[in-house]
Every structure is written in C-alpha cells, then in structure tokens.
Amino acid sequence: MAILFNEKAKTFTLHTRNTSYQMKIGSFDYLLHLYYGPCVPDEDMSYQIMEYDRGFSGNPYESRNARTFSLDAQPQEFTTYRQGDFRISSIEVINGDGSYCYHGKPVDYKISQGKYKLDTLPCVFASETDTVHTLEVTLCDAASNLKVILLYSVFEEADIITRSVKVLNAGDKAVHLKKIMSVCLDFLNGANLDLVSLPGRYGQERQVERQPMTHHIHSIGSIRGSSSHQQNPFVILCDREATEDYGWCYGFSLMYSGNFLAEAELDQYDQLRLVMGINPNSFLYELKPGGTFEGPEVVMAFTCRGFTALSHIYHDFYRTNLCRSKFVGEVKRPVLINSWEAAFMNFDDVKLVEIAKAAKNMGVDLLVMDDGWFGKRDDDNSGLGDWYVNENKIKCGLHRLVEQINALDMKFGIWFEPEMVSEDSDLYRAHPDWAMEIPGRHGVRSRNQLALDMSRRDVQDYLIEKINAILDDANIYYVKWDINRSLADIWSNSLPAGNQGEVCHRYILGLYRVMDEIILTHPHILFEGCSGGGGRFDPAMLSYYPQYWVSDNNNPIDRLKLHYGTSFVYPTCTMGAHISDSGRFVPLETKAVVAMCGTFGYELDATHLSKKEQKLCKKQSDLFRKYYHITFWGDFYRLTDPFKAGNMTAWQHVTKDKKESLLSVVVTSLTCNGPQEYIKAKGLDPKAMYSLNGSRELRSGSALMNAGIPINREVPEYSAFQFHLVKAD
Ligand code: GLA
C-alpha cells in the first residue's frame with residue numbers, strides 16, 4: 001500500500017518507488033511535516049524534531065506554560081494563519097466576524113484507491129497501469145468551522161505525488177479567502193538549497209536561473225492574468241552541488257494557467273518553507289456558508305540523481321498522464337506549415353493554396369491558416385471577436401478552401417484568439433460590457449486589443465457557439481489557440497463591487513469551461529496552444545493541447561536556449577518548433593536539426609524556396625518522421641548548457657530500450673585553430689556496440705559516453721550534426 005497510517009505514531013507515510021513522504025498528527029494535534037526524500041522504512045520520523053524555548057517565537061495557547069513548542073519553528077503540512085507562525089503561510093482568510101486568522105487541526109482522514117479529481121480545474125489522471133492511492137486529510141478551524149481538505153495522490157511507479165487543496169465553509173457566516181496555497185513543504189534544513197526557476201520574456205521564454213536560498217522570501221510568480229512569458233509555474237529546490245547527473249532535486253509543477261506564486265523562505269533557524277498556488281495579489285474570494293473552493297494541483301517529484309533524472313520523471317509522467325488527446329500517442333503529429341511568417345495577414349485563398357502546393361513538395365502534411373482570415377482583419381487593430389470568415393480574403397469560402405487543400409492530400413488547420421476583442425469589431429460594438437474595462441476609466445491597450453471577460457457565462461457561450469460552428473463547418477484537423485496580451489484592467493460587469501477580487505480566477509475557470517466545450521468535444525482535432533509564442537506554456541494548458549508553441553522567436557540559435565530551458569520540466573514532444581527565415585546565416589539543415597528537437601514544421605513562404613531547397617526540406621521532413629519514435633518517446637538528455645561559454649550545444653534522445661539514439665550538435669561558434677572538441681553521449685547501454693549513421697565501424701556505449709564523439713571542427717559556423725546511433729544485434 002502506497003499510503004500508510006500508523007495508529008500509534010499517528011503518522012501518514014506516502015511511498016512511491018523511490019521516495020517517501022511523511023506527516024504526523026503531532027504535539028497538540030498539529031499536522032506536522034516530517035520527511036520527503038529517498039525511501040525510508042521508518043514509520044515515525046519525528047525524532048528529527050528538537051523542541052527548544054525560542055525567544056520571540058510564541059507558543060500556542062494549548063501548550064500553556066511549556067515554552068518549547070512554537071509554530072514559528074515547527075515544520076508544518078499546512079500552516080495556521082496569525083497563530084504565532086510568522087513565516088509565509090498556506091492560507092490567509094477574513095472570517096465572518098472580521099478577524100484575520102486560521103487555526104486548522106486535523107479532524108478526519110480518508111485513504112482510497114485511485115486519483116482524486118477536481119470539479120473546477122484540470123488535473124493529471126491515472127492510466128490503467130498506474131498504481132495510485134489518495135489521501136484526504138481534513139483540517140478544521142474550530143471557531144469558524146472553515147474546513148481545509150488536503151489532497152494527496154501517490155503515483156507509485158511514476159515517483160510522483162500530487163497535492164491539492166479544497167476549502168469548505170461549514171460555518172454560518174461568509175468568509176473571504178485572501179490566500180490559499182496548494183502546497184506547503186517545510187525542510188528542516190534548507191541552508192544549502194538552491195532555487196531553480198524559468199524566467200524569461202517575450203521571444204526569450206523559460207531561460208534558466210539558479211539562486212542560493214538566503215534569509216528572505218524568494219518569490220516567483222505572475223500577476224499578468226496568465227502563467228506568462230516572464231515566469232513559469234515550475235520551480236526546483238536542489239542541493240547547492242546538484243548537477244544534471246547528481247544531487248537532490250525537488251520539483252514543483254503547478255497545473256494552473258493564471259496568476260500564480262511560488263514562495264521560498266529560509267527562516268531564522270535555517271529551515272526552508274516552500275508554498276505554491278494561486279497568486280494572492282488582487283485575490284479575494286468570498287465563500288458563503290456551504291461554499292467550496294478548489295486550489296490547483298501541484299505535481300511534485302523528487303530524485304537524488306540530479307536534474308536529468310528529475311526531468312525524466314516529469315517527461316514520462318506528462319507524456320502519459322496529462323493530456324487525453326489521441327495525438328499524444330495513437331496518432332502521429334503532422335509536419336505542418338504555418339502561414340504567419342509566410343504572409344502575415346496579407347493573404348487570400350489563392351495564396352494559401354499556392355503555399356500548400358509548394359509545401360507538398362517539402363513533405364508537409366498540414367497547412368495552417370494563421371491570423372487574418374476572419375472579420376475585418378487586415379492588421380492587428382481590428383476584427384478580434386468576429387469569428388466568421390472574411391470572404392473578401394477567402395473568396396471561395398472556408399469549406400471550398402479546405403476542400404482544395406484536402407484535394408492535395410493535405411490537412412487543414414486554423415488560428416483563433418478566442419479570449420480577445422478588438423474595439424473595432426462587431427462583437428465589441430454589440431457588447432462593450434463584455435470587455436474587461438473598469439467603469440469610468442480608460443482600459444490599458446496591448447496590441448490594441450482588449451481581453452474578454454471570460455468569467456461571464458454569456459461570453460463563454462458566445463465563444464463556444466461561434467468557434468464550434470467554424471470547426472463543425474469544414475474538415476478542420478488542427479487548431480492554434482492563441483492569446484496575445486496580459487490582463488490589466490481587472491473587472492467584471494457581472495460581479496458585484498465586493499467580488500471583484502474573484503475576477504482573475506473566474507477568468508481562468510471560464511477559460512477552462514470554454515476549452516472543455518471546444519477541445520474535448522473535438523477529439524479528432526489536434527490543438528496547439530500559443531500565447532504570443534510560449535507565454536502560457538504550463539501543465540494545465542498541456543492537459544488540453546498535446547503541443548504548445550515555444551516562442552515567436554524562431555532564430556535557431558536562440559531556440560537552443562529556449563528548448564534547453566523548457567525541457568527542464570516539459571517533454572520535447574510538447575514543444576512547437578518550426579523552420580523559418582529567421583537566422584539568415586544559419587543553414588537550413590541546422591534549422592531542421594533544431595526543429596526536430598520539438599514537433600517540427602515550417603513557418604515561411606514555401607513558394608519562395610527553390611526546387612533544391614524544397615527537396616532538402618522534404619529530406620528533413622522525412623528524417624523527422626524517421627526519428628519520431630526516438631524524439632517523441634525517448635529519454636531526453638541535455639548534453640551541454642547553452643547558457644555557459646562553449647562552441648557547441650548538444651542534446652540527445654535515447655529510446656527506452658537503449659537500442660537507438662539521436663544525438664544532435666549545433667556549432668555555435670568556432671575558434672581559429674582551436675582544440676578538438678568531444679561530445680559525450682549519455683543514457684546508452686555501456687556494454688552494447690553502436691553504429692553511427694549506418695557506419696560499419698562499431699563503438700561501444702561506454703566509449704561513446706566516456707571518451708565521446710569528436711566533432712569535426714573544419715566546418716562553417718552554425719553547422720549541425722545528427723548522429724543516429726543504432727545498437728548492433
Ligand atoms: C502571436 C503568435 C504568432 C502568430 C500571431 C498572429 O504572436 O505567437 O505565432 O499566430 O500571434 O497574430
């Protein structure tokens with residue numbers, strides 16, 4: 001059994017294949033956190049906790065004159081609020097009597113088989129072969145009767161523990177939640193921990209940053225209404241010495257697409273607390289008597305074998321337990337060509353068919369008609385919200401256009417930006433109150449567009465109806481779902497003044513409802529997420545879309561960093577990656593090697609390519625298909641760090657059975673008459689012999705991993721190499 005309750009010690013122990021997690025109903029019935037790390041058989045790890053008289057750290061009322069128990073120093077599973085623990089908290093609440101406090105203690109628990117579900121938010125799921133158990137621990141504040149239910153699901157084989165939280169107002173007065181974090185993890189010794197995060201910006205998402213924990217609160221989060229380009233809802237706490245191959249690493253990946261916050265605080269006693277959940281900034285949620293609230297899920301993983309092993313846990317899990325689309329496994333992803341960088345909004349049906357015909361020679365399976373096909377949309381100042389075909393551009397109508405593409409034996413895809421509205425649109429003229437603008441103030445423009453108030457049922461229904469009508473009208477195989485601004489004017493005309501603190505969260509709930517009604521009702525369509533590139537690349541979005549556009553930045557050299565950072569948590573099969581005109585000095589072959597790290601496709605005007613170039617593209621598309629089983633299902637290794645000085649960036653995919661591998665190298669700079677460089681492979685069978693690119697000379701896995709592969713340095717800058725390693729029989 002993966003979850004054990006020890007009656008005597010009052011401990012709950014959660015075991016995965018390689019990890020254990022323990023908590024205890026401890027002194028004065030507080031729920032204390034005892035352990036998360038490599039497997040331990042001990043049923044009571046509370047011997048680690050030493051109690052001292054800590055000056056200026058208060059003692060709870062129940063401890064009377066004893067001064068050695070202070071919530072300010074105890075490791076906790078879910079914190080109290082204003083009860084003498086002065087560190088960052090799990091909860092902040094205004095009770096019905098106006099007081100600010102929460103004093104929850106465990107009153108009930110339940111252990112069951114299977115994975116818990118959330119009613120309002122996306123979650124990971126258990127597949128048929130997974131062994132999964134769930135623990136629910138109910139805490140109650142005796143004075144207010146506000147209950148907090150802590151949820152844990154243990155995925156034994158996957159080495160994953162998920163956590164979430166539900167709040168139930170069982171009292172008779174309304175309360176207001178100011179903060180509710182889905183996870184709290186206390187480390188008894190946190191002085192030697194580093195925090196790794198994935199900050200970025202438009203065009204440069206998910207770069208990697210690492211900071212040592214010092215005695216203050218480190219916050220990583222977003223208040224942009226979406227998980228954002230600037231931060232990602234994923235952090236790692238690791239040993240100061242941790243590397244790709246060595247060291248303790250804890251991962252926290254939040255299934256939420258809105259404002260989020262991860263806080264880590266090294267306290268006065270060098271204990272470290274990490275909390276993660278919805279960002280409390282501008283958040284105030286009313287819970288009437290009987291009302292409930294759900295916090296998003298956090299997917300936690302631990303390994304003592306470094307970043308690569310941690311990434312592998314997430315990659316394996318997110319490949320199989322996150323998205324139910326048939327395009328995850330059953331059906332292979334197509335090679336696509338997207339019209340955006342080919343024509344921007346300056347196209348018509350004839351131009352699209354021309355691009356498709358040229359792309360056909362390049363081995364492309366699918367044409368995507370990007371922004372500009374609907375309403376009045378010749379530039380980005382108008383038209384958003386008017387989801388009907390602009391027949392001045394698509395003169396033959398959508399149906400006929402799709403038929404023409406299908407006649408080429410190609411599939412057809414289309415772009416939407418459902419959450420937005422242009423002031424110059426029929427939708428805005430009919431429903432100005434549907435846009436998010438604060439009455440009496442001018443709204444902030446961004447790309448000259450406003451956000452729709454997704455918290456409104458009528459807005460949701462409008463989008464569901466309009467978009468489904470388009471999807472059902474023609475033979476659409478693929479949808480790119482975009483969002484191109486952050487939320488600034490937080491306001492909903494459908495909520496009373498006192499409930500405006502709920503808008504950002506309700507926006508996300510409304511968005512998930514719209515996605516449920518459009519995406520889940522069209523299982524035959526491949527959906528790709530996008531947000532001005534990779535601005536909302538998070539696991540909740542990936543539970544709907546099997547793939548997500550990494551960045552609008554298609555420069556292949558920048559992409560090396562983008563793919564590297566993204567791969568810390570997200571599998572490479574989720575990364576939308578295309579060959580485009582960007583990167584003038586980079587050969588097409590190199591662009592293809594980089595795009596093969598992800599879903600592979602083109603973003604250029606195929607009609608401008610010479611026959612020779614088209615032929616080369618065809619070769620690359622075929623290679624992508626040839627290596628698909630390696631790059632989509634193999635283990636991914638970051639062989640070099642593109643953020644560090646060096647002349648080349650290398651990465652590798654290895655099939656699970658270690659029989660095949662694709663090792664890719666891009667030469668980013670050359671030194672005149674420099675030393676010979678070697679790339680060391682990883683993940684191979686050391687005893688097996690491998691052929692390289694079909695060569696008859698075989699090399700052992702051990703040689704390839706320990707001596708490495710010499711990289712020819714007599715090559716032009718930005719050359720790339722792909723080594724296909726095949727195990728000899
Ligand atoms: C965003 C996307 C692009 C493209 C444009 C269209 O920037 O990231 O790929 O779809 O919008 O307006």
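Contact, as used in this report, means heavy atoms within 4.5 Å. Helices (H or I, at least four residues) and strands (E, at least two) are DSSP runs, numbered from the N terminus.

## Basis of the model

This is a predicted model, in which local features need pLDDT of at least 70 and side-chain atom pairs count only at pLDDT 80 or more, while totals for chains, interfaces and linings use all residues. Residues are numbered from 1 along each chain as its sequence is written, and side-chain values use heavy atoms, with hydrogens and water left out.

An open, antiparallel sheet is formed by 6 strands in the order 31-32-33-38-35-36. Two strands pair if DSSP finds at least two bridges between them. Strand 31 (635-638) and strand 36 (698-700) each have a single partner strand, so one side of each is left without a neighbour in the sheet. From one strand to the next, the twist averages 25°; axes are lines fitted to C-alpha atoms, for helices over the stretch in contact, and angles run from 0 to 180 degrees between N-to-C directions.

Strand 31 and strand 32 (residues 648-654) run antiparallel and are joined by 4 bridges. Within this region, D635 stands opposite V654 in strand 32. Helix 11 (residues 611-633) lies across strand 31, strand 32, strand 33 and strand 38, at about 105° to strand 33. Helix 10 (residues 588-595) lies across strand 32, strand 33 (660-667) and strand 38 (720-727), and runs at about 50° to strand 38.

Another open sheet has 9 strands in the order 6-7-8-9-19-15-14-11-12, with antiparallel pairing. Its edge strands are strand 6 and strand 12 (209-212), each of which pairs on one side only. The twist here averages 20° from one strand to the next.

Strand 9 (residues 160-169) is joined to strand 19 by 8 bridges, and the two run antiparallel. I160 stands opposite A301 in strand 19. Helix 1 (residues 306-321) packs on the sheet, where the strands it touches include strand 8 (146-155), strand 9 and strand 19; the direction of helix 1 makes about 135° with that of strand 19.

K105 is found in strand 6. Its relative accessible area is 18%, so K105 is buried (buried means under 20% relative accessible area, exposed over 50%, partly exposed in between, with a 1.4 Å probe and protein chains only). The side chains of K105 and E62 are joined by a polar contact of 2.3 Å. Such a contact is a pair of N or O atoms within 3.5 Å; within protein, one must be able to donate a hydrogen and the other to accept it, and residues adjacent in sequence count only if both atoms are side-chain atoms.

## Aromatic rings

The structure holds 44 aromatic pairs (rings of Phe, Tyr and Trp, its six-membered ring, with centres within 6.5 Å; planes under 30 degrees apart count as stacked, over 60 as edge-to-face and the rest as tilted). The rings of F12 and Y109 have centres 5.1 Å apart and planes at 75°, so this pair is edge-to-face. F12 lies in strand 2 (residues 11-15) and Y109 in strand 6 (residues 104-113), 97 residues apart. F12 is buried, at a relative accessible area of 0%, whereas Y109 is partly exposed at 33%.

Ring pairs also link Y21, Y36, Y152, F187, W248, Y250 and F302 into a cluster.
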